[in-house]
Amino acid sequence: MTTVASILDLVSLVPSPSPSVSLPPSQSTSSGNPLWAVLIVGLGSGLLVGAGAYLGARRSARSLRQSAEETLAHERTRLFNERFSTAAELLGHDEAACRLAGVHAMAGLADDWTERRQTCIDVLCAYLRMPYSPEPDHSASVKPRLAWQANRAVRHTVIRVIRDHLTPQTAADKTWTGYQLDFTGAQFDGGDFTGAHFSSGTVSFSRATFSAEVSFTRAIFSGAAVSFSKADFSGGTTDFAEASFLDGTIDFTGATLSSGMVDFGRARFSGAALRFHLAELHGGTANFAEATFSGGTVDFAQATLSSGTIGFRRATFSGGAVSFFQMRFDGGAFDLRRAEFSGGVVSFRQALFNGSEVDFTHAKFSDGEVHFTNAVFRDGAVKFFEVLFYAGAVDFGRANFSGGTVGFKYARFLGSAVTFDEAYFSTSPINFADAKFGAGNVAFGRATLSDNITFVGAFFSGGIVNLQEVKPGTLPLFNEGVPTDPPPGLLLPKWAHETGGLGA
């Protein structure tokens, strides 16, 4: 039996009031409503009161929780600030062991304190920017030498800690990739960024000095803006071997290489922009041996090579652009031996060759373009010895040969287009001796020739060597009988038969 049924049964046992007795309407206890309805209304009122009390308690609990969270956050910040002060104090300590502890303390705080991670990183970078004395010479006493070695160990630890936070293996919540790294003006007498991943943010090595080996081996550049502008490479090797340049900008504008090496051997360029604009190479080596260029740009515009070497030996160009626009070659060597050009563009437009040697020996052109348009050759040598021209183009249009040599000895022309349109030859020897012409086109449209151009020993079995439009003057040297009975593909001007001394 339900509670409501029990209440109704009790109500049925109460005797009805006498008909002769009635109360005034204003004194009625139920206003005509049964007792069960009164009870239900009372129960509902109780429930409403209870609900209100519950909601009030809930609001109070939320307020308490919020207050507790604010207290915890305040306490957390206070503790972080204390840790920061302690780490900073250790970094400034006289003892190297304490400074090492400070480096790790600051790095650990950066991992834990996301909101101030950039500040912690800034402090570590600033440590590397502080004045740094060079290594004492051998005549110095033991104490200063030990002090220098200890300071150097601390600095290298800072670099290693930063590197460890830039690798792909770093936990996602602790990575420093994407944060600003400012090494402006710092001195690097060593350091290891091997495998670092620069995917975003800004990294500055501007005006930094590299005097010993610093490794960026297998580093990945996929979006960051990295600057070495006006950096000074004065010793050791700055090593980018096997690095990948997928996106972003790596800027060496105005950098100086006076000794040592900047090594991009076996590096991969598929989208990034690498700039050496106005760079000066007074010694040492910029090495791109076996690098692959499938996209992006490498720009040496208006740079100067006065000694040392820029090397692209066995490099592969299948896309992208490499520019030496208006570069001065006043000495040194430019090595492109055994390079392969299957796409992309390499430009020496308006370059000045005033003493350097540019060597394409055994290079292979199966596509792509190399431009020497408006280049000036005053001294030095450009060698295309034993080069295979299978396709693509090499353009010497409007080039000025007033000194130095250009050699195509033993080159094989099997499909490429080599043009000397409107080129000017005054004293520079141009050597096609023993070259083989089986296909392709070598054209001297409207060129001004001298008697220093030779095809002696050249073999013509196809293709075209077009001299029809050269300006009247002296023709190149050929084997005896060739000018009077030219082989197929050798096109001589009409005035050739009117000149003498054409045979070798």
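**Note on the predicted model**

1. Buried residues (under 20% relative accessible area, with exposed meaning over 50% and partly exposed in between, for a 1.4 Å probe and protein chains only) make up 41% of the 504 residues in the protein. This is a predicted model, in which local features need pLDDT of at least 70, side-chain atom pairs count only at pLDDT 80 or more, and totals for chains, interfaces and linings use all residues. Residues are numbered from 1 along each chain as its sequence is written, and side-chain values use heavy atoms, with hydrogens and water left out.

2. Confidence. The average pLDDT (the predictor's confidence in each residue, from 0 to 100) is 86 for the protein, and 88% of the residues score at least 70. Over residues 1-30, pLDDT stays under 50, and the model has four contacts (heavy atoms within 4.5 Å) beyond four places in sequence for them. Over residues 500-504, pLDDT likewise stays under 50, and the model has 14 contacts beyond four places in sequence there.

3. Overall architecture. The protein has five helices and 35 strands; these are DSSP runs numbered from the N terminus, with H or I and at least four residues for helices, and E and at least two for strands. Of the contacts between residues at least 6 apart in sequence, 63% join residues at least 24 apart. The accessible surface (Shrake-Rupley method, 1.4 Å probe; for residues, only the protein chains shown count as cover) comes to about 24,000 Å², and carbon and sulfur atoms account for 54% of that surface.

4. Nonpolar core. A nonpolar core is a set of buried Ala, Val, Leu, Ile, Met, Phe, Trp, Tyr and Cys residues joined through side-chain atoms within 4.5 Å. The largest one has 128 residues, and the members that touch the most others are Phe 312, Phe 348, Phe 360 and Phe 372. Beyond four places in sequence, the residues that Phe 372 touches include Phe 348, Phe 353, Phe 360, Phe 377, Phe 384 and Phe 396, and also Val 382 and Val 394.

5. Helix H3. This helix covers residues 96-112, and its 17 residues reach 25 Å from the first C-alpha to the last, close to the 24 Å expected at 1.5 Å a residue. The expected span is 1.5 Å times one less than the number of residues. Among the buried residues of H3 are Arg 99, Val 103, Met 106, Leu 109 and Ala 110. An α-helix has 3.6 residues a turn, so residues three or four places apart point the same way.

6. Ser 356. This residue belongs to strand S22 (residues 352-359) and is buried, with a relative accessible area of 1%. Its side chain makes polar contacts (pairs of N or O atoms within 3.5 Å; within protein, one must be able to donate a hydrogen and the other to accept it, and residues adjacent in sequence count only if both atoms are side-chain atoms). The side chain of Ser 356 reaches the backbone oxygen of Gly 331 at 2.4 Å and that of Phe 329 at 3.4 Å. Outside four places in sequence, the contacts of Ser 356 also include Leu 305, Asp 379 and Ala 381.

7. Thr 304. Strand S16 (residues 304-305) holds Thr 304, which is buried at a relative accessible area of 19%. Neighbours within four places in sequence aside, Thr 304 is in contact with Ala 279, Glu 280, Leu 281, Met 327, Arg 328 and Asp 330.

8. Asn 441. In strand S31 (residues 436-443), Asn 441 is partly exposed at 29% relative accessibility. Beyond four places in sequence, Asn 441 touches Ser 416, Ala 417, Val 418, Ile 464 and Asn 466. Asn 441 and Gly 489 are 48 residues apart in sequence, with their C-alpha atoms 9.0 Å apart.

9. Asp 137. The loop between helix H4 (117-129) and helix H5 (142-164) contains Asp 137, which is partly exposed at 49% relative accessibility. The side chains of Asp 137 and Ser 139 are joined by a polar contact of 2.5 Å.

10. Positive phi. Most residues other than glycine have a negative phi. Leu 278, in the loop between strand S12 (268-275) and strand S13 (280-281), has a positive phi near 65°. Arg 338, in the loop between strand S20 (333-335) and strand S21 (340-347), has a positive phi near 60°. Leu 278 is partly exposed at 42% relative accessibility, and Arg 338 is partly exposed at 36%.
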